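Dear colleague,

I am handing over the structure below, and after it I set out what was found. Please read the notes with the coordinates open beside you.

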Amino acid sequence: MAIKNVAVVSVPVSDQERAKAFYVDKLGFELQADQSMPPLRWIRVGPKGGATALTLVDWFESMPAGSLRGLVVTTDDLQGEYERLKAKGVEFDGPPKKQPWATETVLHDPDGNRIVLQQAA
């Protein structure tokens, strides 16, 4: 196969500045780009050292803010991350739960995008 990497996933948001603050200040992602390219603003964030980045977009009519589902991010310390993020005010569906495939919980960004935080079984 010639395709070797997923580079960017678009996350639909209503307020790019608020979303940037959430992903950088609360989740701890690294700000990789913040550029104005009229009429767009390109904000890209991602885990330090990660291969895939998130672009915080507000320009796709077909992607309303808060409509993202199914994005999974991983950690080696799910309970620790859950507690750290909860203390920063991040909203979760509930505490981490063991599933047959992994232990996971679902968090919400300010627009209601749902992100699965997962630790391998």
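**The open sheet and its helix**

In this predicted model, strand 1 and strand 4 (residues 53-57) run parallel to one another and are joined by five bridges. Within that pairing, V8 has A53 of strand 4 opposite. Both strands belong to an open sheet of four strands, whose order is 1-4-3-2 and whose pairing is mixed. Strand 1 (8-12) and strand 2 (30-37) form the edges of this sheet, and because each has a single partner strand, one side of each is left without a neighbour in the sheet. From one strand to the next, the twist averages 25°.

Helix 1 (residues 16-26) lies across strand 1, strand 2, strand 3 (40-46) and strand 4, and its direction makes an angle of about 10° with strand 3.

**Strands 5, 8 and 9**

Strand 9 (114-120) pairs with strand 5 in the parallel sense, over four bridges, and with strand 8 in the antiparallel sense, over seven bridges. The hairpin formed by strand 8 and strand 9 has five residues between the strands, and in it G112 adopts a positive phi near 95°.

**Two residues to look at**

Where does D111 lie, and is it buried or exposed? D111 is placed in the loop between strand 8 (102-108) and strand 9, and with a relative accessible area of 18% it is buried, because that value falls under the 20% cut-off. The side chain of D111 makes a polar contact, at 2.9 Å, with the side chain of R18, a residue that falls within the range of helix 1 (residues 16-26). When neighbours within four places in sequence are set aside, the residues in contact with D111 are P12, V13, S14, D15, R18, A65 and G66.

T74, by comparison, is found in strand 5 (residues 71-74), and with a relative accessible area of 64% it is exposed, because that value is over the 50% cut-off. The C-alpha atom of T74 is separated by 10 Å from that of P47, a residue 27 residues apart from T74 along the chain.

With kind regards

Terms used:
Residues are numbered from 1 along each chain as its sequence is written. This is a predicted model: local features need pLDDT of at least 70, side-chain atom pairs count only at pLDDT 80 or more; totals for chains, interfaces and linings use all residues. Side-chain values use heavy atoms; hydrogens and water are left out. Helices (H or I, at least four residues) and strands (E, at least two) are DSSP runs, numbered from the N terminus. Buried means under 20% relative accessible area, exposed over 50%, partly exposed in between (1.4 Å probe, protein chains only). Two strands pair if DSSP finds at least two bridges between them. Axes are lines fitted to C-alpha atoms, for helices over the stretch in contact, and angles run from 0 to 180 degrees between N-to-C directions. Contact means heavy atoms within 4.5 Å. A polar contact is a pair of N or O atoms within 3.5 Å; within protein, one must be able to donate a hydrogen and the other to accept it, and residues adjacent in sequence count only if both atoms are side-chain atoms.
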